[in-house]
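Please prepare a short briefing on this structure, grouped by topic and with each cut-off stated where its term is used.

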Amino acid sequence: MDALEIARWQFGITTVYHFMMVPLTIGLGLVVAVIQTAWYRTGKPEYLRMTKFWGKLFLINFIMGVATGIVQEFQFGMAWSEYSRFVGDVFGAPLALEALLAFFVESTFLGLWIFGWKQLKPAIHLVCLWVAVIGSALSAYFIIVANSWMQHPVGVEMVNGRPVMTDAWAVFTNNTALVAVPHTLFGALAVAGGFLLGIAWYHLWRRRHDGVDTVGADGRVVPGEDSRIPGRDRTDYSVWIRSLRIGAVVAMISFAGTAVTGDLQGKLMFQQQPMKMAAAEAACHDGTGFSVLSVGNVGSKNCDDVVAVIEVPGILSFLAKGDFTTEVKGVNSLLPEYKAKYGTNLPDNPVYGDRAGQEIQYVPVMEVTYWGFRMMIGFGGLAALAALVALWITRKGTVPESRWLMRLAVFGILAPFGANAAGWIFTEMGRQPFVVAPNPDPSGIDQVFMFTAAAVSPGVSAGELIASLVALTAVYAVLLVVEVKLLVKYIRGGVVSAMPELAHAPADENEDRTPGPGGTGEAKPADDVLAFAY
Amino acid sequence: MELLPTIWFIAIAVLWTGYLFLEGFDLGVGMLMKLFARNNTERRVLLNTIGPVWDGNEVWLLTAGGATFAAFPLWYASLFSALYLPLLVVLLALIFRAVAFEYRGKVDTDSWRNRWDWAIALGSFFAAFGVGAALALTTTGLPLNANGDRVGGPLAWFSGYAVLGGFAVVGFSLLHALAFLALKTDGDVRHRARQWFVRLLPVLLLPIAAWALAIQFLDGKPLTWAAVVLAVGPAAAAWLLARKGSEGRAFLFLGAFLVLGTASIFGAVFPVVLPSTLDSAFDLTISNASSSNYTLGLMSIVAAFGLPLVIAYQAWTYWVFRRRVSAAHIPEAHSFLPAVAAKAFTTKG
């Protein structure tokens with residue numbers, strides 16, 4: 001492997017990893033904010049418990065997103081200096097604005113929320129969480145604006161061989177970004193939905209398994225209490241059944257959202273990056289059919305090796321244009337167009353290193369695009385279907401005693417994560433061989449593009465890149481184990497793991513009677529300084 | 001017209017100063033976890049002084065980096081790629097440190113805490129040292145060719161200035177943290193922090209003073225020489241005020257010292273942002289490394305509103321958490337029994 005390939009692996013690994021933590025942060029943050037709002041309005045104890053419990057898991061995960069996010073910003077300069085030089089005038093701005101307008105907001109107000117339970121009035125405390133959540137969504141917007149410019153460059157002019165921003169409005173309202181932002185946010189919510197559903201199912205199952213909750217003759221649940229374990233009362237039952245239902249509904253709504261926005265995105269992509277979509281279909285020839293299953297060597301250089309076994313006529317045309325008859329171009333008719341427009345060989349320029357003069361591979365790696373596209377849709381649809389089934393199964397108030405069903409619900413948490421990762425891998429790998437894909441719109445700036453081969457840092461050696469690839473991958477792997485271990489520990493602990501007060505005053509029903517907002521009278525003086533302590 | 005690049009040079013200097021001022025003390029507190037705190041309760045006192053604010057402080061680094069990318073892409077590209085390995089160390093240090101803050105209290109055993117305490121202390125040290133080295137090298141130069149790429153291999157950036165800059169930021173951070181702890185804690189920690197501050201000030205400020213002076217001898221201008229000379233004033237004032245027990249003012253005067261110090265350093269190298277040690281024709285300057293006036297203008301408008309807003313709500317955060325923390329405030333560690341047994345996943349249903 002040479003420097004370019006190592007740098008690409010590193011960017012891929014660190015980005016996919018970062019994007020495991022981030023959707024959970026965005027999605028769960030919003031869910032917790034809604035739950036805390038419910039607590040603020042109703043004062044019901046189960047909402048306080050839900051806020052604390054899901055808030056605790058949110059924080060365990062949040063910090064990993066923060067820690068791995070810094071790597072992303074530094075990496076452009078460290079490993080992709082030629083890219084940074086080429087796009088800096090237009091690409092740097094959304095990154096800088098993300099830090100200035102979004103990430104500052106998110107970190108500062110989240111700090112206020114974590115530590116400010118007693119120092120802030122309940123209304124202000126709640127507002128702090130909302131501000132942090134809006135900050136995280138805004139953060140996603142700026143990052144996707146930057147990414148969308150790589151997918152579909154707009155608002156620039158070429159000056160001395162570099163794109164220079166001439167129209168910020170065009171950059172910040174790039175249609176690619178306007179559909180990718182809601183698509184990503186719905187994807188994040190899908191993760192949160194599955195997370196709530198799986199964990200809540202687990203706790204409801206455990207309550208049944210231990211005989212705390214029983215089922216009456218009519219099949220309806222009879223919630224019970226176990227005084228031996230702190231916090232395992234009837235309120236605890238409400239915590240989990242409500243969490244389960246919220247999770248299931250969020251999962252279904254967000255799948256519908258990703259489907260609608262994904263369809264819009266697909267139609268744009270057929271215009272903006274036709275090769276990506278042809279590769280998503282592994283389609284050689286023009287046609288109208290959507291492949292459900294294609295066999296043969298999808299990665300073959302000669303794409304006629306791939307044979308569509310099951311194909312639904314008309315669907316591809318619908319995905320691309322909204323009708324059932326338009327012929328969609330396949331790889332074979334796109335290739336000559338790309339070659340005519342952007343050349344057949346990489347220029348003899350030193351920035352390409354050993355690759356100078358090589359033939360350009362315009363077709364992305366088809367195993368990745370074909371299966372990435374299908375995994376995204378498959379995992380997403382599966383999670384939504386599972387959520388629907390879960391709602392039906394739990395219609396009488398609890399889950400069945402089946403251990404396997406519980407395991408399925410817990411492992412189902414992974415499906416939306418898989419859909420998110422597959423979607424990003426598809427769209428980024430599908431952009432190859434370009435790092436900045438050319439914009440084929442008639443009004444577009446056809447010559448603003450950059451091959452990935454030219455983007456890597458010329459001064460950085462393969463050895464340095466291997467060192468960082470190994471170090472980052474190893475550290476990320478260790479931290480993933482630690483994070484999952486802690487999440488499991490706190491999940492198993494139940495609500496009391498996030499609310500020590502439940503354990504310290506087992507017989508005390510104060511918590512239930514305290515009107516949510518304003519119930520701070522009984523706090524000890526020490527608590528005014530540290531309502532929460534590391 | 002060089003107005004906008006000049007404004008952005010100043011803006012980036014302000015962002016770095018903000019970063020050193022704010023994260024300076026939380027990096028220092030991190031290192032003091034192993035150097036100063038004597039037991040777990042004291043370590044938790046230290047941690048909780050910075051708990052609500054450290055993450056917001058760290059964003060100053062991201063903003064400084066992002067602003068450099070947006071305003072001076074060639075500076076960003078050359079500096080970050082030339083310093084590949086040291087910045088990798090900074091990244092790893094920041095990752096461990098951030099995770100350690102959050103995870104340290106999540107398992108109630110000494111070995112778990114001790115491991116994360118080391119992560120905090122070493123993470124803080126290497127982050128401070130690496131940032132200091134990078135800042136020093138951007139003022140003294142790197143072996144860059146005409147394209148702005150480092151020549152001479154992965155360690156070609158190394159020079160005595162890197163070490164000096166590293167110790168400069170480590171020293172300043174430690175001192176700033178002692179001032180901060182004296183201001184933010186009570187009881188024994190407060191008194192010891194003040195004692196340490198008074199005793200160690202001359203030593204801990206030595207490297208940063210040496211760096212500021214070295215830059216003046218290399219590139220100094222009358223105005224920046226004046227800033228260096230003037231900086232002695234607030235440093236001396238901080239020392240005297242700390243002796244007197246006026247902790248808040250000592251902290252602020254140390255901040256004033258930092259502002260004069262960074263102003264003298266950034267001012268001296270202006271308008272060069274990153275000199276090449278191979279040929280001054282390859283120097284990156286505010287004119288040949290900057291973005292277009294359109295981009296800089298856009299960023300200026302946003303920053304003119306955004307930065308004061310950030311300063312306002314961060315200041316509010318410090319006001320909300322203004323009370324001193326002492327050992328008496330630290331709650332007991334919270335251990336809990338799992339409501340659900342581990343064997344749920346391993347035994348057959």
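In this predicted model, helix α1 (residues 3–35) of chain B packs against helix α6 (residues 110–140) of chain B at an angle of about 145 degrees, with their axes 8 Å apart; axes are lines fitted to C-alpha atoms over the stretch in contact, and angles run from 0 to 180 degrees between N-to-C directions. Local features need pLDDT of at least 70 and side-chain atom pairs count only at pLDDT 80 or more, while totals for chains, interfaces and linings use all residues. Residues are numbered from 1 along each chain as its sequence is written, and chains are lettered from A in the order in which they are written.

**Helix packing in chain B**
- The contact (C-beta atoms, placed from the backbone, within 7 Å) brings residues of α1(B), including B:Trp16, B:Leu27 and B:Gly30, to residues of α6(B), among them B:Asp117, B:Trp118 and B:Gly123.
- By class, this contact of α1(B) with α6(B) has 11 nonpolar, 3 polar and 2 charged residues, where Gly counts as polar.

**Hairpin in chain A**
- Strand β1 (residues 156–159) of chain A is joined to β2(A) by 4 bridges, and the two run antiparallel; pairing requires at least two DSSP bridges.
- A:Val156 stands opposite A:Met165 in β2(A).
- β1(A) and β2(A) form a hairpin with 2 residues between them, and A:Asn160 in the turn has a positive phi of about 50 degrees.

**Interface**
- In the model, 75 residues of chain B are in contact with 76 residues of chain A.
- The side of chain B that touches chain A has 48 nonpolar, 19 polar and 8 charged residues.

Technical notes
Two residues are in contact if their C-beta atoms, placed from the backbone, lie within 7 Å.
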